[in-house]
Amino acid sequence: MARDDLFISSQLPQQRTFDGVPFPAVLSPNPDVGIRTIDEFVDAIQAEKARLESLIKSSGALLFRGFPVETAADFNQAVEAFGYEELPYVGGAAPRSNVVGRVFTANESPPDQKIPFHHEMAQVAEFPSKLFFFCEQEPKTGGETPIVLSHHIYNRMKQKYPDFVEKLEEHGLIYIRVLGEGDDPSSPIGRGWHSTFMTKDKAVAEERAARLGMKIEWTPEGARTIMGPIPAVKFDKSRNRKIWFNSMVAAYTGWSDSRNDPTKAVKFGDGSLLPADVVNDCLNILEEECVAIPWKQGDVLLIDNWAVLHSRRSFEPPRRVLASLCK
């Protein structure tokens, strides 16, 4: 049997088609072959690596459904099978903790809070090229991880708000965030500066922040970090197109806690304020264009961070989704 018969393409009602390509691509085990163990799944990934790379490039996201991935350790093995180098989570905002190997919890903010659309770590200089998510325990209700193609958002925003996009491309964005010392699990951006920079030494934190292109101002509340100006629109060379590569909507609508005012969390690179109506309409466009597939236990979702923004909807617990970041 041909190698590409190990996985079969599946269709889900939530999928959409863009330019003739299903989004996301969905793969299931071929029942005639049978993939019964995590080791067999790992072998199948390695055997079909070229096909999987082609799918992720054409679609931008790839959902594996129905495979024998049951635990965090299984997920770690599956991630390792792809051969991508791990990216340490340094400089990110989300509260999360290591589970096993290169596997972390996804954002641990409270279940009633939505996490707005963003490219992972778009507000720092070094960001992952690939993200993996794994549903260890599906939620009772809600809790989807909606995804959206970034170049479609750029095209729609360029068409509707050409002057805004022109200014965005000229000046980029500045991101400002105040971090406490320890993690704050009540906040979607509650990662304290100790865990953000993996140190309790202020001098070391400043050094590590500088490597990310970030400045730190020390305040009574903790660390005020200033990132940018950095580009808000990037060019995806592998696909020859511009992408809406930023955390503008996430910062403006979601970076809210006792230390942070989201309307002041992100500005144009020249220091001027963003127009609230345009930012809020961008959120509407993201929702219109997105795909939200309910999680099933055992699902593994691979996202190309150069092509796709993602978010998280509120949910009724329990829900446990794990993540892994790759260079």
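A word on the model. This is a predicted model, where local features need pLDDT of at least 70 and side-chain atom pairs count only at pLDDT 80 or more, while totals for chains, interfaces and linings use all residues. Residues are numbered from 1 along each chain as its sequence is written, and side-chain values use heavy atoms, with hydrogens and water left out.

Back to Glu-169. Which residue does Glu-169 form a salt bridge with? The partner is Lys-158, and the closest N and O atoms are 3.9 Å apart. The term salt bridge means a side-chain nitrogen of Lys or Arg within 4 Å of a carboxyl oxygen of Asp or Glu. Glu-169 sits in helix α5 (residues 162-171) and Lys-158 in helix α4 (residues 150-160), so the pair ties together parts eleven residues apart in sequence. Helices here are DSSP runs (H or I, at least four residues), strands are too (E, at least two), and both are numbered from the N terminus. Lys-158 is also partly exposed, at 34%.

Next pair. Asp-281 and Lys-160 meet in a salt bridge, at 2.7 Å from N to O. Asp-281 belongs to helix α9 (residues 276-289) and Lys-160 to helix α4, so this pair ties together parts 121 residues apart in sequence. Are these two buried or exposed? Asp-281 is buried, with a relative accessible area of 13%. Lys-160 is partly exposed, at 46%.

One more pair. Glu-217 forms a salt bridge with Arg-224, and here the closest N and O atoms are 3.0 Å apart. Glu-217 is partly exposed at 37%, and Arg-224 is partly exposed at 27%. There is a network as well: salt bridges that share partners join Arg-156, Glu-288 and Glu-289. How many salt bridges does the structure hold? It holds 20.

Now the rings. The structure holds 18 aromatic pairs. Rings of Phe, Tyr and Trp (its six-membered ring) pair if their centres lie within 6.5 Å; planes under 30 degrees apart are stacked, over 60 edge-to-face, and the rest tilted. Take Tyr-175 and Trp-255. Their ring centres are 5.9 Å apart and their planes are at 40 degrees, so the pair is tilted. This pair links distant parts of the chain, 80 residues apart: Tyr-175 is in strand β12 (residues 173-179), and Trp-255 is in the loop between α8 (248-254) and β17 (266-268). Tyr-175 counts as buried at 3%. Trp-255 counts as buried at 7%.

There is also an aromatic cluster. Its members are Phe-7, Phe-41, Phe-64, Phe-67, Phe-82, Tyr-84 and Phe-132. What lies over the face of Tyr-84? Lys-130 does, at 5.2 Å from the ring centre. For this, NZ of Lys or CZ of Arg must be within 6 Å of the ring centre and within 35 degrees of the ring normal. Arg-319 lies over the face of Phe-315 in this way, at 5.1 Å from the ring centre.

Last topic: the lining of a cavity. Residues lining the second largest cavity include Pro-24, Trp-295 and Asp-299. A cavity is a set of points on a 1 Å grid over the protein atoms alone where a 1.4 Å probe fits but cannot get out, and lining residues have an atom within 4 Å of a point.

Methods: 1 Å grid on protein atoms, 1.4 Å probe; cavity = no way out; pocket = protein on both sides within 12 Å on 5 of 7 lines; lining within 4 Å. Buried < 20%, exposed > 50% of the residue type's maximum accessible area, 1.4 Å probe, protein only.
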